[in-house]
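Please look through the model below before reading on. The report that follows takes up its contacts part by part.

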Amino acid sequence: MMHSIIFAGFGGQGVMLMGQVLAQAGMSENKYVTWFPSYGPEMRGGTANCTVVVSEEPVASPVVEMPTEVVAMNIPSLLKFEPKVQKNGCLFINISVVDRKPQRSDIRVYEIPANDIAERIGNLKVANMVMLGSFVQVTKCVSIDSLIEAMKYKLSARSSEIIDLNTKAIFEGAKHVGG
Amino acid sequence: MKKVMMKGVEAIGEAAIKAGCRNYFGYPITPQSELTEYMARRLPEVGGSFLQAESEVAAVNMLYGASSVGKRVMTSTSSPGFSLMQEGISYIACAQLPAVFVNVVRGGPGLGDIQPSQGDYFQATKGGGHGDYRLIVLSPSTVQEATELTLLAFDLADKYRNPVLIFADGLLGQMMEPVAFEEKEITYDNSHWALTGSKNRPPRQVTSFNIDPYGLEKMNIELQKKYRQVEANETRYEEFLIEDADILIVAHGTVGRIAKSVVRMAREEGLKIGLFRPITLYPYPYDALSKAAQEKSLVLTVEMSSGQMLEDVKLAVCGKTKIEFYGRMAGVVPTPEEIFTHLKTLIRGQ
Amino acid sequence: MEFTAVYKMPDSLSKKPFTYCPGCHHGIVHRLVAEVIDELGIREKTIIVAPVGCSVFAYEFFNTDGTVAPHGRATAVATGMKRARPDLVVFTYQGDGDLAAIGTAETIHTANRGERVTTIFINNAIYGMTGGQMAPTTLLGMKTTTSPYGRSPEREGYPVHMCEILKELKGVAFLARTKVTTPKDVLTTKKYIKKAFLAQTKDIGYGLVEVLSTCPTNWGMPPIKAMQWLEQNMVVEYPLGVFVDKVGEEK
């Protein structure tokens with residue numbers, strides 16, 4: 001099984017970190033992983049995105065035209081990447097920010113109020129980890145345990161309060177989709 | 001060995017430090033500025049020296065200076081910046097100075113774009129600067145391989161006293177992949193030729209200069225001898241499922257890894273496809289490719305260029321097997337699917 | 001009877017005969033640099049970076065380690081050496097085309113960084129090695145093979161004053177313009193060159209000495225007349241003096 005995921009949103013929403021945490025978790029499970037950012041003028045001021053591949057086989061290219069999953073944290077990301085999701089793939093939408101409906105009916109759509117959940121548990125900034133919790137719960141791309149360990153590794157320089165908050169965010173995100 | 005997720009360019013930087021490089025000179029340019037930044041951050045931690053030069057022209061000459069006093073040195077850049085360095089590289093090659101260059105190739109010509117490309121192949125392998133010189137050119141296809149080839153690059157540079165180029169592209173430079181570093185003791189000693197001050201010995205000169213054509217020809221003959229040695233000893237390549245293959249794909253670097261997936265896809269459909277992946281672009285593995293291409297019905301060369309390595313493939317195959325080409329240019333990365341589709345069209349046409 | 005050496009060739013010269021034209025000032029300046037290296041006792045840790053130009057062979061005339069930089073890049077090469085081996089003493093020897101035309105960026109940035117290197121800058125207002133073409137420092141009205149109608153500000157712009165530009169840069173520790181047409185000038189120039197090396201060895205900053213020099217061959221004058229022409233024309237355009245001195249007087 002190969003997951004190819006595009007995480008997209010505004011700069012500051014932590015979409016690059018979402019991808020890196022997922023890739024780190026995949027590596028810890030001895031899967032083949034790549035992470036690839038959008039770079040250059042494209043990322044100045046507008047939307048940022050990164051592509052993560054998690055696979056049982058060596059990854060050919062970290063650049064993916066048609067991802068199996070897309071995580072859209074804002075409206076421009078939804079507009080840009082919804083058409084690219086593979087048929088029967090998944091689209092995760094942060095409906096706290098995105099006030100419109102997707103157009104396609106041949107994909108599975110998960111509407112996550114990531115900002116609202118994040119604010120409810122204490123800090124808007126962890127909306128990315130809420131979303132990531134939901135994403136992993138649905139796709140089973142990696143285990144939730146690996147995801148939390150990966151998040152702790154990436155945030156190892158931060159305080160235990162911040163790590164606890166991010167852990168909670170992942171659990172709350174997972175819970176929202178039945179975890 | 002412990003694996004960590006690292007960006008390609010940062011992994012190259014860390015590998016350089018592990019290889020004993022303590023002097024880096026560079027100028028920011030996308031898509032490799034993270035390597036410049038990495039060295040700015042890391043070198044002071046290990047007692048090294050980082051300097052942001054005023055241009056790539058200055059950077060390559062700082063490299064010349066730091067190498068000539070015997071130190072392991074590196075610079076990194078991307079296509080337009082590498083063009084600016086060519087004069088200095090020619091000097092470094094003629095003065096027989098070891099130096100490691102990283103070109104994270106982007107779409108060209110001109111200002112081009114900042115997406116991955118292999119369009120600098122001619123410049124890298126056929127001499128971008130003036131005169132009869134050669135760069136040793138290494139083309140990694142994964143972040144792990146990039147670190148291994150970086151360590152190798154410093155060894156080869158010292159062994160042959162010659163500039164070595166890591167030929168990467170924006171894809172390899174920007175992507176993160178798991179990487180493990182081999183810990184090894186690094187010792188090197190260039191004091192037998194370096195400019196160290198003429199204490200207790202006659203003064204020494206390191207130059208690329210000889211006004212007497214017969215003298216300069218002697219220097220050239222010496223260089224050529226060295227290049228023949230490099231060709232005999234340092235040619236590297238990977239063969240993947242070629243024994244029973246009917247069709248051979250030839251691809252290097254990033255395209256090499258993409259082509260590997262094409263081979264897997266083809267094998268799943270029962271098509272006997274193999275991959276030949278040159279790792280050294282100079283010295284090019286002509287003999288090995290010539291042998292690998294024997295008895296095949298088709299050789300498909302795939303590149304992120306208009307067909308530059310294709311010329312070397314033709315030289316290797318020497319008309320004995322039919323050669324086709326598939327390329328994307330200007331920063332467009334071919335997908336395994338599109339290459340496979342093209343391959344199937346060729347097979348149907350056979 | 002005892003003999004005392006009162007005058008001898010400096011140890012820091014290689015004893016290879018100079019190949020410069022009669023009346024050219026390179027020979028005088030080479031000797032002064034060598035005397036300073038001797039006096040500072042740094043010959044065994046000094047490296048010369050020669051330029052492209054008439055003094056491209058300078059590295060052969062000094063009894064020190066040496067190299068030749070690509071045209072204009074001497075201070076970049078010197079920077080690389082110093083950054084890698086701060087314990088060495090590195091000086092560049094450059095002409096006006098090398099330092100003030102093709103190498104302007106390197107000159108300015110090396111000075112601005114305050115690199116611990118020393119530059120001897122020979123300004124003779126012309127390209128010597130390539131055969132008398134216009135230099136950035138060529139005087140207005142001066143005829144060269146590429147300004148055959150005389151340099152005009154409308155067509156070729158004005159003579160570049162490097163010391164006046166460089167004196168504004170905070171990395172510069174010693175900066176002076178001088179000449180070697182009289183014995184007094186020679187002594188003054190030696191003093192300046194010494195200070196430019198001390199700026200480096202005392203870890204203060206970048207040192208540069210500009211020496212107004214003759215090029216009898218390409219100026220088309222006999223040596224004596226060339227000296228007079230230098231006094232009457234070049235000194236007027238390029239005022240002599242010390243522009244920056246953070247080294248101070250020797251105790």
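## Where chain B meets chain A

The contact takes in 18 residues of chain B and 17 residues of chain A, where two residues are in contact if their C-beta atoms, placed from the backbone, lie within 7 Å. On the side of chain B that touches chain A, the elements giving two or more residues are H7, strand S8 (176-179) and helix H9 (253-268) of chain B, and H9(B) gives the most, with 4 residues. Helices (H or I, at least four residues) and strands (E, at least two) are DSSP runs, numbered from the N terminus. By class, this side of chain B has 10 nonpolar, 4 polar and 4 charged residues; Ala, Val, Leu, Ile, Met, Phe, Trp, Tyr, Cys and Pro count as nonpolar, Asp, Glu, Lys and Arg as charged, and the others, Gly among them, as polar.

This is a predicted model, in which local features need pLDDT of at least 70 and side-chain atom pairs count only at pLDDT 80 or more, while totals for chains, interfaces and linings use all residues. Residues are numbered from 1 along each chain as its sequence is written, and chains are lettered from A and ligands numbered from 1 in the order in which they are written.

## Two domains in chain B

Chain B is divided into domain 1 (4-233) and domain 2 (239-349), with bounds that come from an automatic or database domain assignment. The contact between them takes 28 residues from domain 1 of chain B and 22 residues from domain 2 of chain B. On the domain 1 side, H5(B) gives the most, with 4 residues, and the residues of that side divide into 13 nonpolar, 10 polar and 5 charged.

## A buried glycine

B:Gly119 is found in the loop between strand S5 (99-105) and helix H5 (121-125) of chain B. Why does B:Gly119 count as buried? It has 24 other C-beta atoms within 10 Å, and a residue is buried if 20 or more other C-beta atoms lie within 10 Å of its own, exposed if 12 or fewer, and partly exposed in between. Leaving aside neighbours within four places in sequence, B:Gly119 is in contact with B:Val105, B:Gly107, B:Gly108, B:Ser305 and B:Met329.

## Helices of chains B and C

The axes of helix H3 (residues 56-68) of chain B and helix H3 (residues 74-84) of chain C come within 6 Å and cross at roughly 45°. That makes H3(B) oblique to H3(C), since angles under 35 degrees count as roughly parallel, over 145 as roughly antiparallel, 65 to 115 as roughly perpendicular and the rest as oblique.

Key: Axes fitted to C-alpha atoms, helices over the stretch in contact; angles between N-to-C directions.
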